[in-house]
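Biologist: I am new to this structure. Please take me through one part of it closely, the side of one chain that touches another.

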Amino acid sequence: MGAISAAGGDIAETLECFAAGRRNLGKVTLFASSLDYPVFEVRRPFVYSSKYKSRTIQLVLTALDEALAGAGLDRDMSGRRVGVCMGTTVASQLNDVDFYQSYRKEGAAGMEPVENFLKGNLAEVVSAELRATGPAVTVVNACSSSSDAIGVALSWIRNGICDLVIAGGGDELNRIPLCGFGSLSVFSHKPCRPYDRDREGLNLGEGAGVVILESERSARARGAVPGLFVAGYGAACDAHHLTAPRPDGSGLETAVRGSLAEAGVQPSEVCFVNAHGTATRDNDKVEGSVLARVFGTDAKVLSTKGYTGHTLGAAGALEAVFSALALREGWIPASAGFENKDDEIPIGAVRERTAITGQYAVSTSLAFGGNNASLVIGRCS
Amino acid sequence: MPGISREEELAAIRAKLKELLVSNLNLEGVKPEQIKDDDALFGEGLGLDSLDAVEIVVILQRHFGVEIKDMEKGREIFRSVNTVANYIYDYKEGKK
Amino acid sequence: MGIVFSRGRGIASLEQALQEGWVPPSEVEVRGLDSRLPVYPVSAETLTDKAVLAKARRADRFVRMSVLAASDAIQDSGLAGSLDKQRLGVIIATALGPHVTTFNFLDGIIDFGDAAVSPTAFSHSVHNAAASYVAMTLDVRGPTLTMTHFHFAFHDALLLARAWLDEKRCDSVLVGAVDELGTVMEYACGRMLKPAKDGRIKPFAFSLSPEAVPGEGSVFFLLTRETSGAAYAAVEPGDFTPGSFPAGSGLLLTDNSGMSGDESGYRVAVAGGMQAASYMPVFGSIMTGSAFQAAAGALVVKRQMRYACPVQDNPHCVNICSETVAGPVSNVLCLRLDCRGQGRTVRLMH
């Protein structure tokens with residue numbers, strides 16, 4: 001596994017940040033904008049900055065390196081049928097403002113941004129870096145992109161398409177979604193408060209999360225002893241609205257129950273839920289109601305977006321990594337930003353660092369556009 | 001502007017607002033003059049939704065110089081063309 | 001199947017286009033280009049349908065093309081009344097996404113500033129807007145996923161659809177592709193590609209610097225595990241292995257259309273002797289063009305009809321289909337290569 005976000009440049013830093021309850025947010029420094037919403041930027045420098053212009057690619061490759069090292073795998077996967085499935089939002093768009101402004105003004109623009117764009121398909125770049133031959137898919141499913149990418153990877157392995165898949169996602173902090181989400185009035189001017197009675201909206205963040213999924217057979221063949229696994233994936237669409245979740249949460253409930261059924265896990269066996277928890281009024285209310293219905297009002301729920309912000313295409317993968325880490329380490333951090341339970345949400349988040357002893361966790365994602373995704377992560381006993 | 005009464009100015013705001021609603025919200029098949037001043041904009045009536053609500057915030061910003069900082073307050077202001085027009089007028093009077 | 005392209009909407013339009021062959025493209029003035037660009041655009045009339053687009057008031061052309069093609073695929077299947085929408089999934093492949101709306105959104109930033117941009121434009125500028133509208137229009141409650149790639153997005157969409165069906169995640173999957181034209185994209189095409197002066201894409205020239213006529217459209221397939229009376233063909237995505245196209249009763253369709261640079265690699269593929277054709281000159285140069293060719297291939301299998309190549313320039317004397325002929329077609333193999341020589345196939349079987 002690998003992870004990079006405002007919470008830390010790698011897993012160790014992230015765990016330390018969670019333990020300390022530190023929230024590394026501040027003003028936007030990566031680009032000029034008249035908007036002054038607080039954001040979660042990654043402050044650490046990148047190894048790959050000279051090779052790739054795209055910050056998203058740099059974030060993903062940084063997390064990839066950590067994941068490969070942790071799995072004891074070589075970077076060169078020449079000739080191996082290794083799949084790559086990455087989620088993103090920003091990196092899939094040609095949204096270079098300077099390029100477009102030049103074309104608008106002069107009727108001409110240099111083609112370098114277009115060339116970089118055409119060479120910058122996230123999954124293709126990762127696949128080329130690894131010299132892998134196998135499917136390379138970039139999922140662009142808004143906020144559930146990298147959860148869905150992990151779901152795709154699971155399908156590939158279960159169906160014998162690959163034995164090994166690099167899955168995850170990344171998104172850089174970018175002026176376009178900052179402006180866009182700002183116009184949707186979903187931002188808070190303060191540190192976000194997921195599930196809290198007084199929550200006012202989300203903070204944008206950036207980062208990348210990578211997991212390496214491998215079939216049991218392949219892992220055994222190379223003598224690897226995995227400690228964690230993806231047990232199930234569920235996804236279902238609300239079919240309701242482009243930007244608002246279905247009020248009754250039926251899409252999310254279908255996704256969550258579907259993932260549990262696939263994993264063969266009962267709700268009572270799930271020791272915590274890493275919720276999407278963006279801290280918007282709508283999301284947390286709908287999601288909280290569903291989680292209470294499925295897991296009961298006593299279930300342990302947290303949102304790690306209080307530490308990372310909403311990292312869009314990276315969110316699902318980062319939160320899958322955080323869930324896996326929690327199972328491995330035996331604790332979940334306080335749900336940063338949560339103080340007072342909202343009476344309209346039947347469930348509250350954890351206020352302090354909490355020990356957990358179970359084998360399974362669930363991570364949920366609710367996307368703009370209406371797709372809902374749920375992953376069941378397990379720890380080998 | 002001298003010589004223009006409050007009512008005349010409000011009428012002009014309402015007319016401009018209706019045109020902008022039809023064009024910017026892509027209300028196909030609806031003519032500006034068909035929108036009644038007191039018809040509900042959301043729910044029944046014109047049937048606008050939450051995405052239209054935030055788009056109206058931008059219409060007000062771009063075309064009338066009016067800022068809506070609080071979307072909760074926005075719900076009351078956006079009840080009908082009349083309430084929006086009144087808000088625009090009062091906002092500009094207040095700003096002057 | 002459902003299709004929206006420059007020759008119209010629906011399978012009848014597709015069939016007619018394959019029978020008629022090549023037609024001259026439109027020409028468009030593009031700011032910044034010295035000469036007019038040949039293009040195959042979808043007409044405004046094609047995108048008019050009050051009933052199907054009732055929930056798409058704010059939708060742009062990218063979304064409208066997708067919704068119409070997806071809706072038509074459901075109707076065309078004859079399964080509209082019996083599909084369990086909870087068990088229906090949607091997978092959409094796109095190379096460039098809704099770039100027209102993305103640039104409209106940037107207009108807002110440039111003209112009005114970061115704080116006064118259109119939320120409607122932003123929420124429609126994301127690649128998954130089409131899947132969202134397809135789900136809303138057709139009330140699809142299964143998983144929905146949009147994927148992007150400049151060469152093989154459609155192939156990977158098919159691969160995933162098969163996996164979803166095999167693992168019983170879904171009972172049926174709507175797999176579609178969509179890509180659109182737009183001023184900035186046309187400018188980039190004019191600068192980076194070689195627009196065909198005579199308006200003809202020449203797949204069998206196997207050129208190092210092939211000619212292009214940018215196109216747009218959307219095509220959808222309703223895929224199920226079991227066949228039914230209305231079914232067109234069995235579908236099998238696969239990898240390209242050189243030498244795997246021996247002469248036989250199949251038909252090889254090459255997906256090259258001037259969009260992806262050096263096409264000389266296709267020459268090796270057709271050397272095996274299987275009769276070849278390409279219908280890309282009917283659709284135009286579209287990055288997700290493989291989906292459109294697959295639709296044509298499915299029609300070949302269903303009708304047992306080899307349609308004549310719309311453009312028959314053939315300097316390398318390949319065994320191409322030069323006349324429309326009815327007769328047995330056991331399978332159609334669509335081939336797509338990228339500029340590194342990696343290849344993917346879609347096999348359509350009777």
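Modeller: What follows is a close look at the side of chain A that touches chain C. Keep in mind that this is a predicted model.

Start with the count. On chain A, 52 residues are in contact with 50 residues of chain C. Several elements of chain A give two or more residues to this side. The helices are α3 (97-106), α4 (112-118), α6 (145-158), α7 (175-183) and α9 (250-263). The strands are β4 (136-139) and β8 (228-237). By class, this side of chain A has 25 nonpolar residues, 23 polar and four charged.

Next comes β8(A). This strand belongs to an open sheet of five strands in chain A, in the order β8-β14-β13-β9-β10. The pairing in that sheet is mixed. β8 is an edge strand, as is β10 (301-302), and each pairs on one side only. The partner of β8(A) is β14(A), residues 371-379. These two run antiparallel, joined over nine bridges. One of the pairs is Tyr233(A) with Leu375(A) in β14(A).

Arg197(A) is 96 residues away from Gln101(A) in sequence. In space, their C-alpha atoms are 43 Å apart.

Key. Residues are numbered from 1 along each chain as its sequence is written. Chains are lettered from A and ligands numbered from 1 in the order in which they are written. This is a predicted model: local features need pLDDT of at least 70, side-chain atom pairs count only at pLDDT 80 or more; totals for chains, interfaces and linings use all residues. Two residues are in contact if their C-beta atoms, placed from the backbone, lie within 7 Å. Helices (H or I, at least four residues) and strands (E, at least two) are DSSP runs, numbered from the N terminus. Ala, Val, Leu, Ile, Met, Phe, Trp, Tyr, Cys and Pro count as nonpolar, Asp, Glu, Lys and Arg as charged, and the others, Gly among them, as polar. Two strands pair if DSSP finds at least two bridges between them.
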